[in-house]
Amino acid sequence: MTKPSIPPAPAGGSPSGPTIWIMAGEASGDVLGSRLMIALRQLRPDLHFAGIGGERMHAQGLQSLFPLRDLAVMGLLEVLPRIRHLSRRLDQAVADITARRPALVITIDSPGFTLRLLRRIAPLSIPRLHYVAPQVWAWREHRVREFPGLWERMLCLLPFEPEFFARHGIEARFVGHPVVQSGADEGSAAAFRARYKIAPEAPILVLMPGSRRSEAPRLLPVFGRMLAFVQRNRPDIVAVVPVSPVIADIVRAGVARWPVRPLIVTDVHDKHDAFAAASAALTKSGTSTLELAMANVPMAVTYRVNPLTAAIARRLIRVPYVAMVNLLAGHRLVPELLQERCTPELLAATVERLLADPASRALQRTGFAHIRAALHGPGENPAHAAAREIIDLLGAGQAARPGPVLQGQ
């Protein structure tokens, strides 16, 4: 199977073309940002980019203001020790935008950082677009009152979000979820087994501990002990841990003493091949659940944060499920084992049921088909739909701003 490669960034470009300042705050945003840059250049080859991103956005020509890993932190208490560092990075981003005066600022997800940035640059009168709506429909709904004036346009990924924000007087435009163009459903099981010399009958379990440096260390020890339980009944089981290169060093250290040494894959195509070969998956909550649904992999969802963070979150959460696949399905399609239920014994028992029960796997796969249909946007792939919204806003912003948009790079 021939693997598609990431198109390289075009060299050079028109010196008179506008600059878009674009920011991703974590690995998933880096993927969105790189696809968006490709789609934008197809519509406007003269565009230039500045901002903050990871390896994928760098491959499209972005020289990141500082490393993406500086922002990859999650959890109320987990953020506290890094407040001063994050504040300095925020000041640095504001200063860069102020100096460059780009034609448009795009922020992607990571609302803890990006919304503060949008608020800080409001006096500059630069058009702003936020991509990936803050999930205030899930918790802290009162925060929606803070949003008016933060952006000129917001693009959302989930089909129910425009209606939610409309109830609060805020326009949100659904462009489709980028997972539908991720290639998660295009992997080759045969290629994966051949590449790693895995026997055809050996069960493959995908383990996804998260893409943030603050979350993987909490799940990896539990995953390791869970795997030891599963191996007792299934000595031939093969564990695969797909991770972002941003945290690969943390994951390698975290699995070094596991009783069952897993395969660690950092290449996205390798990950999709692993999905195709997988019998089941155990994943943290988040976009990874949608990736697995695209690939039709039966799963269980788990998560563990600081206990105080969890206690605070439980008082604020307003949705019945944590897993996105369950929210989109409208019922508990996949098991959720969160916080105190995130134990090696419970995880192992749940994984064993998935591996042993064809009816349970089939039921999940039926639900995944409905979810995949709901995630498609207005007729074209999500990155192109988002790019058209951005070009439209860019044109409106340039029309409203006399003189050159940017002097130099």
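Close-up 1. V132 is buried, at a relative accessible area of 9%. Buried means under 20% relative accessible area, exposed means over 50%, and partly exposed lies in between (1.4 Å probe, protein chains only). This is a predicted model: local features need pLDDT of at least 70, side-chain atom pairs count only at pLDDT 80 or more, and totals for chains, interfaces and linings use all residues. Residues are numbered from 1 along each chain as its sequence is written, and side-chain values use heavy atoms, with hydrogens and water left out. V132 sits in the loop between β4 (128-131) and β5 (153-156). Helices (H or I, at least four residues) and strands (E, at least two) are DSSP runs, numbered from the N terminus. Phi of V132 is near 90 degrees, a positive value in a residue other than glycine. Most residues other than glycine have a negative phi.

**Close-up 2. R101, a partly exposed residue with positive phi.** R101 is not a glycine, yet its phi is positive, about 50 degrees. The loop between α4 (83-100) and β3 (104-108) holds R101. R101 is partly exposed, with a relative accessible area of 36%.

**Close-up 3. Aromatic pairs.** The structure holds four aromatic pairs. One of them joins W137 and F160 edge-to-face, 5.0 Å centre to centre and with 85 degrees between the planes. Rings of Phe, Tyr and Trp (its six-membered ring) pair if their centres lie within 6.5 Å; planes under 30 degrees apart count as stacked, over 60 as edge-to-face and the rest as tilted. W137 lies in the loop between β4 and β5, and F160 in the loop between β5 and α6 (161-166), 23 residues apart. W137 is buried at 8% relative accessibility. F160 is partly exposed, with a relative accessible area of 28%. The pair of F147 and W151 is tilted, because the ring centres are 5.3 Å apart and the planes are at 45 degrees. F147 is buried at 2% relative accessibility. W151 is buried at 10%.

**Close-up 4. An open sheet of six strands.** The strand order is β9-β8-β7-β10-β11-β12, and the pairing is parallel. Two strands pair if DSSP finds at least two bridges between them. β9 and β12 (336-338) are the edge strands, each pairing on one side only. From one strand to the next, the twist averages 20 degrees. Three bridges join the parallel strands β8 and β9. V240 stands opposite L263 in β9. Helix α8 (residues 216-233) packs on the sheet and touches β7, β8, β10 (280-284) and β11 (299-303). Contact means heavy atoms within 4.5 Å. The direction of α8 makes about 165 degrees with that of β7. α11 lies across β7, β10 and β11, at about 160 degrees to β10. Axes are lines fitted to C-alpha atoms, for helices over the stretch in contact, and angles run from 0 to 180 degrees between N-to-C directions.

**Close-up 5. Helix α10, mostly covered.** α10 spans residues 268-277, and seven of its 10 residues are buried. The buried residues are D270, K271, H272, D273, A274, F275 and A277. They pack against α7 (189-195), β7 (204-208), β8 (238-242), β9 (263-265) and α11 (287-294). At the start of α10, a side-chain oxygen of D267 comes within 2.9 Å of the backbone nitrogen of H269.

Note on methods:
Polar contact = N/O pair within 3.5 Å; in protein donor to acceptor, adjacent residues only side chain to side chain.
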